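The paragraphs below go through them in turn.

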Amino acid sequence: MRRKLLSMLPRFRNAYASLDELASRESWRRKEIEAHQLEQLNRLWSAAVKHVPYYRTLRQSLRLPNSFDSLEQFSEQVPVLKKSFVRDSRKQLYSDSPARGGWHHTSGSTGSPTAVYREHRAHFEMLRARYRFNQRWDTDFLDRWVYIWGNSGSLAHGWAGLKHRIKTPVQDWLRNRMRLSPYDLRPSTLRRQLDRIAKFKPAAIYSHSMAAHLLAIEARNIGFECPTLKTAVLTAEPVRTRTVRAVSEGLGVQALSEYGCVECGFIAGSEPDGRMQVREDYVILETIRRPDDRYDIVVTVLNNPSFPLIRYAIGDIATNAIAKPENGFATLGEIEGRDFDFIISESGAVLHGQIFEDIIDRYPGIRRWRVRQRDNGSVHVLIEFFQRSPGAIVEDLQKRFSALLEGYPVAVSIVKEIQAGPSGKHRTIASELSRKISVHQNADSSVESAK
């Protein structure tokens with residue numbers, strides 16, 4: 001009844017009409033797709049060179065055209081936009097005539113959080129691209145959803161944290177979803193979460209892929225059943241074949257992979273054959289061959305001229321080049337992105353790396369960070385600041401992480417520079433201990449077995 005009433009409201013009627021339009025685009029021929037992309041690109045480029053300092057200077061210095069005759073000309077002439085520039089020089093990318101919108105902050109999966117401005121219109125279009133993906137797998141945005149997702153704002157100090165702890169549950173209730181924490185993933189916690197899921201009777205789960213993996217293993221162990229559950233959407237981390245298999249078997253659902261980010265919104269989602277279909281009506285996605293025969297992913301967001309990301313090197317790597325069929329949107333193979341290890345506390349609690357990221361992101365002035373746990377349980381945190389570090393932050397981080405580790409020693413060190421790995425999103429949080437006890441394969445393993 002609630003869903004039926006909501007679907008009658010003008011806002012949601014408009015949303016369903018938009019989903020029908022998105023569905024019709026999925027059968028476009030290649031020429032139609034590229035004509036649409038070129039038209040949207042030139043509109044974006046015109047606004048960028050007129051109103052955005054970085055692109056105004058770029059066009060003048062490289063003598064770039066006012067518009068492009070082809071997508072090939074565009075990719076050949078416009079240089080790649082580095083992630084570090086977006087992070088460190090956001091004012092250069094912000095339009096002097098922005099549409100209504102707001103700032104959004106990345107979760108810092110590279111160990112270096114980034115802020116981007118998103119128009120309200122672009123934000124809703126990105127959401128509807130995700131809704132259309134879910135619709136293709138027989139789930140609706142007005143269905144009941146379970147989010148196994150953090151609430152990083154609630155970790156802030158004082159009034160800011162209190163506001164999020166009050167606001168988020170209200171928003172979740174209005175959106176017909178239940179939020180479960182991904183932070184503590186020990187078997188007893190997962191069993192309680194499964195009990196809550198069964199009582200809530202959702203149609204779908206939206207989760208960090210590793211959290212869903214452990215949840216599914218525990219579900220299989222206890223014989224979990226939830227007849228209403230149809231799909232589990234896995235995101236935020238690489239979705240491995242073993243994870244898809246474990247989630248499908250343990251939860252009795254179709255396990256799907258969603259690829260996107262704060263900067264670009266929804267980019268791609270699973271096809272039945274496991275490949276990822278790219279939303280080419282909203283983004284231009286390029287794959288640039290690397291010396292190791294993999295491919296850097298470069299994205300142009302076509303619908304956000306207030307903060308244009310044009311040929312943006314997102315920091316992820318594809319195992320294969322993008323495939324562009326004659327009919328329908330392009331597809332990608334496996335994507336390698338953020339890949340956190342679990343952190344193990346002295347009591348045996350399995351902690352998702354997201355809680356460390358969410359805590360660190362609440363502090364100002366941190367440019368990069370990295371967490372390492374040795375096989376004896378001790379944790380070393382490296383912090384790089386933009387400027388000289390306030391001592392109070394270091395002391396506070398030491399205290400908060402020590403509480404999480406429940407006895408394992410924690411050291412927080414300030415360094416001048418943290419070097420990036422082969423992909424900026426790899427191993428920001430790594431644990432020799434969690435690998436040693438094979439957390440993915442044995443959700444109920446305890447630290448005792450490793451001692």
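F133 and F266 are both buried, where buried means under 20% relative accessible area, exposed over 50% and partly exposed in between, with a 1.4 Å probe and protein chains only. This is a predicted model: local features need pLDDT of at least 70, side-chain atom pairs count only at pLDDT 80 or more, and totals for chains, interfaces and linings use all residues. Residues are numbered from 1 along each chain as its sequence is written, and side-chain values use heavy atoms, with hydrogens and water left out.

A search of the whole structure finds 16 aromatic pairs; rings of Phe, Tyr and Trp (its six-membered ring) pair if their centres lie within 6.5 Å, and planes under 30 degrees apart count as stacked, over 60 as edge-to-face and the rest as tilted. The ring centres of F133 and F266 are 5.6 Å apart with planes at 35 degrees, so this pair is tilted. It links distant parts of the chain, 133 residues apart: F133 belongs to helix α8 (residues 120-136) and F266 to strand β8 (residues 265-270). Helices (H or I, at least four residues) and strands (E, at least two) are DSSP runs numbered from the N terminus. One aromatic cluster is formed by W45, Y54, Y55, F68, F74 and F85.

The charged end of R177 sits over the ring of Y147, 4.6 Å from its centre, the criterion being NZ of Lys or CZ of Arg within 6 Å of the ring centre and within 35 degrees of the ring normal. R144 lies over the face of F200, at 4.8 Å from the ring centre.

The structure holds 0 disulfides, a disulfide being a pair of cysteine sulfur atoms within 2.5 Å. For C261, the nearest cysteine sulfur is that of C264, 3.7 Å away. C264 counts as buried at 2% relative accessibility, and C261 counts as buried at 15%.
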